Amino acid sequence: MSDTPTLELRGISKHFGSVQALSEVDFFVHDGEVMALVGDNGAGKSTVIKCVAGIYTIDGGEVFFEGKPVTIHGPKDAGRLGIEVVYQDLALCDNLDVVQNMYLGREAHDVVYRLREPEMELKTQETLASLSVTTVRSIRQPVATLSGGQRQSVAVARAVMWNSRVVILDEPTAALGVAQTRQVLDLVKRLAEQGLAVVIVSHNLHDIFEVANRITVLRLGRDVGVYDRAKTTQQEIVSAITAGVPTKVAGVAEEVEA
Amino acid sequence: MSTAAPPEVQQVAAEEQGGLGGFLRARFEALRSGDVGSLPVIIGIVAITVFFTVKANIFFTAVNFDNLIPQMAGVTTIAIGVVFVLLIGEIDLSIGFLSGVAGVVVAELQMPGSGHDLPGLIAIALAILAGMVIGGIQGSFVAFLGVPSFVVTLAGLLAWQGVIIKALGTQGVIGIQDKQINDVANYVLAKNVGWILAIVFVVGFAGAAVGGQIKRRRAGLRAGNPILMLIRVVFWCGLAFAVVAVCNHSRGVPFAGLLIVFLTVLGTYVATRTTFGRHVYAVGGNAEAARRAGINVKLIRILVFMISGAMAALGGIIFASRLNSVDLTAGGGTILLDAISAAVIGGTSLFGGRGFVKAALFGGLIIGMISNGVDLVGYSDSTKYITTAVILLSAVTLDTVLRRRQAAAGR
Ligand SMILES: Nc1ncnc2c1ncn2[C@@H]1O[C@H](COP(=O)(O)OP(=O)(O)O)[C@@H](O)[C@H]1O
Ligand SMILES: [Mg+2]
């Protein structure tokens, strides 16, 4: 784990009309580390992620990738940096099949933009196999025919197929059963072991304490603090989520008492 | 079945639901859950043929079929553009009068003694370009400003009708003497040329089908069952030869027929085998997902409206060519509804993301057969309007109900 974070946000702000969704949020994640992002509904977790992914442009603040300042204007920019996101709503096209969704927006093609179907199908097979996704009967069936867990697997597989550096998962287990949640959590750990920087959003503190190295708490669009998993308790996190005070306000200690 | 995939992939997808023996079972299951494929089209064509043959003996003859092709060519061409627009989940109501504008442009540009009596092919190219630019402008309102396409193109419908009336002035009609322009709808290919084209089609089609399978096999992927592929090839090639045989029994294959088949094949290729086509389906399936995947959704929308404008223009040129003139009725009547009906009847969903370019060809055939048959039997225009309306409403209702059913079946 190097000292420079792979991805770092400093003082990020974002508003929608009169709603200040994020104010001066700091956030970071290192290679080989799982950073959890937690907070109540509406705290701004998905908004942070979409700012990083280039879906929203930030109003203020800076983004650093491997210590260098970067501007992310769109999803393509994020992809080029190696930032991959599994969105809360999965962002799959129901009318397209598994292969087509895996390569959405990044189709393999030749010089005259003809699709290279065999190449895409093979790589999809490989990726799904490497993630031990075995329940999908045909990767040529539209994702509309898949179960919630299978769709989740496709969305996750899509994010890890691209030699990514940073993988961000927004509530990846919310729709899953016990066994599938287990698979996703194992995958998250494996990605970090492979040296990737992983960010996971979840409401399940039990899961988070199992996989995360550190936990960032958001409350009402502000970051309340970063906690080391080894040095904190679920109780402390819960009270930070519900009553945490932003660290940026002068005179307030970083640690929040339970 | 994902309609965005090329045929060899669709075949494999169908077979993977349960092997060759399970293929028919899989099709039956798909049918029950609302994926009816081309069944309504086939039933429609058979029913219409039987009905009009009973009513008018001349309906089911080679001569009439030979006449039908140029009659359906204009609407079919416009409908190809409609398929693309429906695939991205939008609508284009301007295509009728836009086709009329293109007719006026082409007639005006070729007019002898007007100071710009351009050669036919150049006039045609400029008219198509005009349609493309107009489509691009309308599409920009949709893509950049988010104005509903329904409203933008409804305004277009009115505006282009106004332009036609203004352009034709008090005289109200422009005759077309240019041979190249008049040939578009009226030229008939020599009989041996027709046979040669059938052979070219067969070689190309079979080559593509076999090539697709070989490519998959080489890559170590499961290739479709060769027998099923053979059936598909034999069916389409048989159809091609049958069409040429029937036409040659009369005067020969109309050039307009060659044109619509070419446009259908080209459109299918673009839709299923290029990144652009894939992005069109993606935008129609889930525009937000497409945007997050880095697809330039605005650009795709504008390009699709440009295709729609260009195809409408070409359709308008075919209409003008058929009449050897344009008049104040250009682009009006049932053209708009016929073109949209053709795309929908052929199996393109109004809800975006599902459909085939070939839907335009088969839907156009059905619409053309009704119009042709109604004329032959001697029913009035009122009958034609009501029949087309009923068929359009049925097609849209079918689409809506099946969609709900597919959703319920998790498809
Ligand atoms: N596109 C948007 N337009 C307007 N308000 C939004 C939008 N996205 C999020 N918000 C608002 O921003 C706040 C944070 O939302 P979100 O990031 O989705 O929260 P979380 O993911 O933590 O539950 C909420 O108050 C939400 O209503
Ligand atoms: Mg959220």
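Visitor: In this predicted model, how far does the backbone oxygen of B:Ser149 lie from a polar atom of the side chain of B:Thr153?
Guide: B:Thr153 is placed in helix H7 of chain B, which spans residues 149-168. A polar atom of the B:Thr153 side chain and the backbone oxygen of B:Ser149 form the pair in question, and their separation is 2.7 Å.

Visitor: Is B:Thr153 buried or exposed?
Guide: The relative accessible area of B:Thr153 is 0%. Buried means under 20% relative accessible area. B:Thr153 is therefore buried.

Visitor: Which residues coordinate the magnesium ion, ligand 2?
Guide: The coordinating atoms are an OG and an OE1, at 2.1 to 2.4 Å. The OG belongs to one residue and the OE1 to another, namely A:Ser46 and A:Gln88.

Visitor: How many residues apart in sequence are the parts that A:Ser46 and A:Gln88 tie together?
Guide: A:Ser46 lies in helix H1 of chain A, residues 45-53. A:Gln88 lies in the loop between strand E6 (83-86) and helix H3 (98-102) of chain A. The pair therefore ties together parts whose distance in sequence, in residues, is 42.

Visitor: What is the relative accessibility of A:Gln88?
Guide: A:Gln88 counts as partly exposed. That class runs between the limits of 20% and 50%. The value for A:Gln88 is 41%.

Visitor: Which element contributes the largest share of the shell around ligand 1?
Guide: The residues that surround ligand 1 include A:Phe16, A:Asp40, A:Lys45, A:Ser46, A:Thr47 and A:Tyr56. The shell divides into four nonpolar, five polar and two charged residues. Its largest share, three residues, comes from H1(A).

Visitor: How many aromatic pairs are found over all chains, and what kind of pair do B:Phe201 and B:Phe205 form?
Guide: A search of the whole structure gives nine aromatic pairs over all chains. The ring centres of B:Phe201 and B:Phe205 are 5.7 Å apart, and their planes meet at 25°. Planes under 30 degrees apart count as stacked. The pair is therefore stacked.

Visitor: Where do B:Phe201 and B:Phe205 lie?
Guide: B:Phe201 counts as partly exposed at 25% relative accessibility, and B:Phe205 counts as partly exposed at 22%. B:Phe201 and B:Phe205 are four residues apart, about one turn of the helix, and both lie in chain B, in helix H9 (residues 191-218).

Visitor: Is A:Asn163 buried or exposed?
Guide: A:Asn163 is another residue other than glycine with a positive phi, near 45°. Its place is the loop between helix H5 (148-160) and strand E7 (166-170) of chain A. The relative accessible area of A:Asn163 is 74%, so the residue is exposed.

Visitor: What distance separates the C-alpha atoms of B:Met311 and B:Gly131?
Guide: B:Met311 lies in helix H14 (residues 297-323) of chain B and counts as buried at 11% relative accessibility. B:Met311 and B:Gly131 are 180 residues apart along the chain, and the separation of their C-alpha atoms is 7.8 Å.

Visitor: How far apart in space are B:Gly352 and B:Ala282?
Guide: B:Gly352 is in the loop between helix H15 (335-345) and helix H16 (358-377) of chain B. At 8% relative accessibility, B:Gly352 counts as buried. B:Gly352 and B:Ala282 are 70 residues apart in sequence, and their distance from C-alpha to C-alpha is 9.3 Å.

How values were computed:
Residues numbered from 1 in each chain as written. Chains lettered and ligands numbered in written order. Predicted model: local features only at pLDDT ≥ 70, side-chain atom pairs only at ≥ 80, totals over all residues. Heavy atoms only, no water. Donors = N, O, S within 2.8 Å, 3.2 Å for Na, K, Ca; no water. Helix = DSSP H or I, 4+ residues; strand = E, 2+ residues; numbered from the N terminus. Buried < 20%, exposed > 50% of the residue type's maximum accessible area, 1.4 Å probe, protein only. Near = heavy atom within 4 Å. Nonpolar A, V, L, I, M, F, W, Y, C, P; charged D, E, K, R; others polar. Phe/Tyr/Trp six-rings, centres within 6.5 Å; stacked < 30°, edge-to-face > 60°. Polar contact = N/O pair within 3.5 Å; in protein donor to acceptor, adjacent residues only side chain to side chain.
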